[in-house]
Amino acid sequence: GDYGAHAGKLAAFLLGEHHEVAPLDADSFSRIAQWLDLNGQYYGDYSFTRAERREMSQPGVKALREHVANTCGACHAKMSEEPVAALVNVAIPEESRVLMAPLSQEAGGWGQCAETVWKGKDSPGYRAMLEKVLAATGPAE
């Protein structure tokens, strides 16, 4: 009873509060309980292809590291040597540190870099880094 429908709040809600207002028939509740028991809310389906489990492209990572060294070397000399997980958000590549740190706050970024500052996502530097990040994260599933 530690996991699945029995342990979660949704099944209890559907049988309690919700049932009084909009009752579910037994088959509908059973489908929801099975989805909860299969951890469907986490995995989504049987394919087990969550974006954050995506394999990185090693040639892409190498190219990204070289680009980071050439682009950010003056401001962040060791950035290209950091673990790739510290540089790239595999699940949401567009929110990767190497993209957000130099992007101005006005454009939705972090505005943390003194040397490299992109005014917007249409800046050539941002577009070039995004291309490298996407190549490193490999094909979308």
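Q: Which residues is Ser80 in contact with, leaving aside its neighbours within four places in sequence?

A: Contact means that heavy atoms lie within 4.5 Å. By that rule, Ser80 is in contact with Arg65, Val68 and Ala69, once its neighbours within four places in sequence are set aside. This is a predicted model, in which local features need pLDDT of at least 70 and side-chain atom pairs count only at pLDDT 80 or more, while totals for chains, interfaces and linings use all residues. Residues are numbered from 1 along each chain as its sequence is written, and side-chain values use heavy atoms, with hydrogens and water left out.

Q: Where does Ser80 lie, and is Ser80 buried or exposed?

A: Helices (H or I, at least four residues) and strands (E, at least two) are DSSP runs, numbered from the N terminus. Ser80 lies in the loop between α6 and α7. A residue is buried under 20% relative accessible area, exposed over 50%, and partly exposed in between (1.4 Å probe, protein chains only). Ser80 has a relative accessible area of 12%, so Ser80 is buried. The C-alpha atoms of Ser80 and Asn70 are separated by 9.0 Å, and the two residues are ten apart along the chain.

Q: How many helices and strands does the chain have?

A: The chain has nine helices and zero strands. Of its 141 residues, 30% count as buried.

Q: How many salt bridges does the structure hold?

A: Side chains of opposite charge can pair when their charged atoms come close. A salt bridge is a side-chain nitrogen of Lys or Arg within 4 Å of a carboxyl oxygen of Asp or Glu. The structure holds one salt bridge. The side chains of Arg97 and Glu82 form it, at 2.3 Å from N to O. The pair links distant parts of the chain, with Arg97 in helix α8 and Glu82 in the loop between α6 and α7, 15 residues apart. Arg97 is partly exposed at 26% relative accessible area, and Glu82 is partly exposed at 24%.

Q: What does Ser96 touch, beyond its neighbours within four places in sequence?

A: Ser96 is in contact with Leu87, Val88, Asn89 and Val133, when neighbours within four places in sequence are left aside. Ser96 is found in the loop between α7 (84-87) and α8 (97-100). Its relative accessible area is 1%, so Ser96 is buried.

Q: Which residues of the largest nonpolar core touch the most other members?

A: In soluble globular proteins, nonpolar side chains tend to be buried together. A nonpolar core is a set of buried Ala, Val, Leu, Ile, Met, Phe, Trp, Tyr and Cys residues joined through side-chain atoms within 4.5 Å. Here the largest core has 18 residues, and Leu64, Val68, Val98, Leu99, Met129 and Val133 touch the most other members. Helices α6 (58-72), α8 and α9 (124-137) each supply at least two residues of this core. The largest share, five residues, comes from α9.

Q: How many aromatic pairs are there?

A: A pair of aromatic rings is described by the distance of the centres and the angle of the planes. Rings of Phe, Tyr and Trp (its six-membered ring) pair if their centres lie within 6.5 Å; planes under 30 degrees apart count as stacked, over 60 as edge-to-face and the rest as tilted. The structure holds one aromatic pair. The ring centres of Trp118 and Tyr126 are 5.7 Å apart and the planes are at 85°, so the pair is edge-to-face. Both Trp118 and Tyr126 are buried.
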